[in-house]
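Subject: Structure handover

Hi,

Here is the structure I promised to pass on.

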Amino acid sequence: MHPSIVVPALTIRTPGGDLDTPGTARYAQRAASTWVDRFILSGTTARGYLMTEQNRSSIVRIWLDHVAPERVIACCWSRADIDNAARQRVTPIVVIPHCHNDDAALRFLASLPPGSFVYSHPGNSPTVFDAQLCSQARGSGCLPGGAKLSKASHREIRAVREQAGLSFILWDGSSRDIAASIAAGATGVVTTPLSPIMQPFPPRTLTLLQPALDEMQEDLDRLPSREARSDHLSALALAC
């Protein structure tokens with residue numbers, strides 16, 4: 001069985017910075033034709049935290065005109081985002097906020113709709129979905145449906161897998177070594193280099209896919225900031 005490959009979708013904007021609705025539709029159409037399993041909308045790669053809730057909801061609606069709902073994951077930065085995802089019947093991946101203690105973190109997890117995913121990134125919040133929180137959530141009956149772990153080592157991924165159980169969907173936020181991520185217990189990876197949906201699209205075979213990703217990742221690593229990487233990826237997407 002192939003590891004799950006998830007791509008963080010970009011936000012296509014007009015030169016003035018507004019949401020480019022026709023451009024987003026064309027991009028979603030192009031993405032739909034690939035073998036990618038799922039797409040995360042309005043995540044950090046797309047700088048979704050800078051958009052309005054209305055724009056984030058509009059992006060989901062545009063994508064659903066071209067992509068099956070089961071392939072769409074809506075990144076949620078607010079409660080309104082979660083509600084919008086529920087109305088549009090797509091899975092939310094909810095950014096973990098700063099929780100002051102374990103009880104607050106468990107209350108946050110318990111507040112999520114059943115089957116929600118969580119997005120754990122130490123750059124977004126000091127509260128991360130680690131093995132300890134995972135164990136507490138499972139014991140308290142509020143384990144989410146899955147998680148994307150960014151900036152997590154393979155050792156940390158393995159520890160979360162041990163606490164979460166085999167049915168838990170666990171995505172490594174890095175695609176630098178897909179085979180090692182899967183060996184550590186990840187269900188799949190979230191791969192930023194594929195986000196421009198450039199043509200020809202790399203084949204899914206891991207022996208061919210990993211070198212293609214490595215080459216694209218090297219270009220991203222030369223850029224100084226998340227914003228610069230996002231701009232670079234968007235420029236590549238617009239050139240297709």
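Cys240 comes out as partly exposed, because its relative accessible area is 45% (buried is under 20%, exposed over 50%, partly exposed in between, with a 1.4 Å probe and protein chains only). Cys134, by contrast, counts as buried, at 0% relative accessibility. Searching the whole structure for disulfides (a pair of cysteine sulfur atoms within 2.5 Å) gives zero. Cys134 is in no disulfide, and the nearest cysteine sulfur belongs to Cys142, 10 Å away.

Before you go further: this is a predicted model, where local features need pLDDT of at least 70 and side-chain atom pairs count only at pLDDT 80 or more, while totals for chains, interfaces and linings use all residues. Residues are numbered from 1 along each chain as its sequence is written, and side-chain values use heavy atoms, with hydrogens and water left out.

Now the pockets. The grid is 1 Å over the protein atoms alone; a pocket is an open set of points with protein on both sides within 12 Å along at least five of seven lines, a cavity is a set where a 1.4 Å probe fits but cannot get out, and lining residues have an atom within 4 Å of a point. Points are joined across faces, edges and corners, and a volume is the space filled by probe spheres set on them. Helices (H or I, at least four residues) and strands (E, at least two) are DSSP runs numbered from the N terminus. For classes, Ala, Val, Leu, Ile, Met, Phe, Trp, Tyr, Cys and Pro are nonpolar, Asp, Glu, Lys and Arg charged, and the others, Gly among them, polar.

The largest pocket holds about 650 Å³. It has 28 lining residues, with Lys151, Gly173, Arg176, Thr192 and Gln217 nearest the centre. Helix α9 gives the most to this lining, four residues, and the classes split into six nonpolar, 14 polar and eight charged.

The second largest pocket has about 250 Å³ of space. Its lining numbers 17 residues, and Pro193, Met198, Ala212, Met216 and Leu236 sit closest to the centre. Here the largest share, five residues, is from α8. By class this lining has 13 nonpolar, two polar and two charged residues.

The largest cavity has about 70 Å³, and α2 (53–64), β3 (72–76) and α3 (79–87) each supply at least two of its lining residues. Among the residues around it are Arg56, Cys75, Cys76 and Asp81. The second largest cavity, at about 40 Å³, is lined by Pro8, Ile40, Gly43, Thr44, Thr45, Tyr119 and Lys148.

Last, the packing. In soluble globular proteins, nonpolar side chains tend to be buried together. Leaving aside residues up to four places away in sequence, Phe39 is in contact (heavy atoms within 4.5 Å) with Val7, Ala31, Thr34, Trp63, Val67, Arg71, Val72, Ile73 and Ile197.

Cheers
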